[in-house]
Amino acid sequence: MISYDRQAGGSRPLPACPTPPEQQLTPLDTALSVSGLRKSYGDRQVLKGVDFAVAPGELVVLLGANGSGKSTALRCVVGLAEADAGEIRLAGRRLRGLGGAELAKARRAAAMVFQQIHLVRRRSALDNVCAGGLAGLPLSRSLAPAFFPRELRERAMACLQRVGLADRAHDRAGSLSGGQQQRVAVARALCQGAEVLLADEPVSALDPAAATQVMALLAELARRDGLAVAAVLHQPDLAREHADRVIGLVDGEIRLSCHASALSESDIDALYQSEDS
Amino acid sequence: MTTTERPRVPVPARDRKPFYLGVVVVAVVLGAAHVGAWRVTEFSPGALVDGWHGMIRFLGEALPPDLDWASVVQPGLEACLTTLAIGLLGTTLSVPAALLLAVLGTRGRNRVVYQVSRSVMSLLRAVPDVVFALIFVTAVGLGPFAGVLALICHNVGVMGKLWSEAMEEVDPGPADALRVAGARESQVVANAVLPAVVPSLVGLLLYRFDVNVRSSLVLGLVGAGGVGFLINQSIQLFAFDEMATYILMVLVLIIAVDLLSAAVRRRLAE
């Protein structure tokens, strides 16, 4: 069972906030569950045993100061970083014990959106979205966009339509605005066909209007399309406005887990205090 | 505007003293290296001043250039075309091997593969194209074909290295994004790395074309045909006015290739 109430994890206890009813979630209900996740870089412990879970249909926001381990947790899930210990379940499958092709296949259940967007700027929006669906293709059909099968292109078009950019399909990704580029990146993640969507500071490089738009899109993908969405954010206000639940990390430990509506100013202050004091 | 003036603040002392001794050592070593080089090359401005009339005589014989159409200009133009053709084929035909070695020799892949492809490129680079030309002349005889083969061999090494460095500098983000999406390594290269580096790869390709056209001049000196061969011949016959004509042609050829490659690179950068 996953518990969300690890609030008294350090020297400075945080004010209690209401524990969400989802506390009784079992790993089978969740699209993503992480337990006891540990990760060190050299002597520095970035994650000191982190537990959290995301169910289909909800948007969970991870808050915390720089270096609190939020992004590392997401990177461990998709395999951009290797966890030292702990268990990760994606779409009901345990990643531990899997290897090679099986592990890669299980990890495909999670897609990721990045702060730096990471599109290929010289390629069209549609070609970039198609790249999200490369995993199932034989090499001969995936060496250049001209060889992508029609089925993939049409699936990618549907993803672009989902993020509201169908009319920009043939525009070069680099010619789009920052917010549009991030939505193309979201479409690329959708094209992967994942059940879990992870977003690592998806709006940090965007202006406030574009940030709101992208966050609204992520929330909608959770609520309407039933994806399990986890986003690392630096803006508590956006979290309050769009998230279902908020998880707060301090120094690699979860100190806060509550409904977004219950998030108080003192909770937020406590999350960001440790850095400069 | 006195409001913008701020009081002075003393600069805090640094923990680390500037390393004066290191600067002195570097200066002494560099100085000694230059003195040594001066001696080894028998560098002597005096000899240049004393021998100035030799240069004048040489230039006097070279000017005016011999512009006889049938015996000089027409064969010169044809030879220029040969030179250009050697440079073109030598560059183009080295693309597949250079691309393969560049991809395999990019840091972050299998260490053994990386080291092997780096070594192959180093070897090809270390052997000058003139040496390759001499080797191929023994196989296919004197002529432009030996020159093309020589350029291919040397250029694979140089262009492969330049390309792999360009690929290493590319932003790894899009490649990571595709890896997360489950793409295989070959798909990542084709859809994230290559599209991002193609402009710089083409720029380097044009630069190598430029260099290879000039190299094929030198190859002409060892019998690989082209205008270099004519220059060599005219020097051996003491026909310096003919040589001047060929050198003028080479000048025009090089400038034309340079302008062309600069224009294409400008278009690519847009």
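## Where the parts meet

Between domain 1 of chain A and domain 2 of chain A, one residue pair is in polar contact, with both residues at pLDDT 80 or more. Please keep in mind that this is a predicted model.

Seven residues of domain 1 of chain A touch five residues of domain 2 of chain A. Together the two domains bury about 460 Å², and carbon and sulfur atoms account for 67% of that area. Within domain 1 of chain A, the residues that lose the most area to domain 2 of chain A are Val78(A), Leu80(A) and Arg108(A), which together make up 71% of what that side buries. The number of salt bridges between these two domains is zero.

The contact between the chains comes next. Chain A and chain B bury about 1800 Å² between them, with 58% of it on carbon and sulfur atoms. In chain A, the most area is lost to chain B by His118(A), Val120(A) and Arg122(A), together 28% of what that side buries. The contact draws on 25 residues from chain A and 20 residues from chain B. Seven residue pairs are in polar contact between chain A and chain B, both partners at pLDDT 80 or more, while the salt bridge count between these chains is zero. Helix 1 and strand 6 (110–113) of chain A each bring at least two residues to the side of chain A that touches chain B.

Eight of its nine residues are buried, among them Lys70(A), Cys76(A) and Val78(A).

## Charged pairs

Side chains of opposite charge can pair when their charged atoms come close. Over all chains, the whole structure holds 19 salt bridges.

| Salt bridge | N to O distance |
|---|---|
| Arg224(A) and Glu220(A) | 3.9 Å |
| Glu265(A) and Arg240(A) | 3.1 Å |
| Arg214(B) and Asp210(B) | 3.1 Å |

Arg224(A) is exposed at 65% relative accessibility, whereas Glu220(A) is partly exposed at 29%. Both belong to a network of salt bridges that also links Arg162(A) and Asp225(A).

In the pair of Glu265(A) and Arg240(A), both residues are partly exposed, Glu265(A) at 48% relative accessibility and Arg240(A) at 27%.

In chain B, Arg214(B) and Asp210(B) sit four residues apart in helix 10 (residues 185–221), about one turn of the helix. Here Arg214(B) is partly exposed, at 37% relative accessible area, but Asp210(B) is buried, at 6%.

## Cysteines

How many disulfides are there over all chains? The count is zero. Cys130(A) itself is buried, with a relative accessible area of 0%.

Key:
Residues numbered from 1 in each chain as written. Chains lettered and ligands numbered in written order. Predicted model: local features only at pLDDT ≥ 70, side-chain atom pairs only at ≥ 80, totals over all residues. Heavy atoms only, no water. Disulfide = S-S within 2.5 Å. Buried < 20%, exposed > 50% of the residue type's maximum accessible area, 1.4 Å probe, protein only. Contact = heavy atoms within 4.5 Å. Buried area = accessible area lost by both parts, 1.4 Å probe. Salt bridge = Lys/Arg side-chain N within 4 Å of Asp/Glu carboxyl O. Polar contact = N/O pair within 3.5 Å; in protein donor to acceptor, adjacent residues only side chain to side chain.
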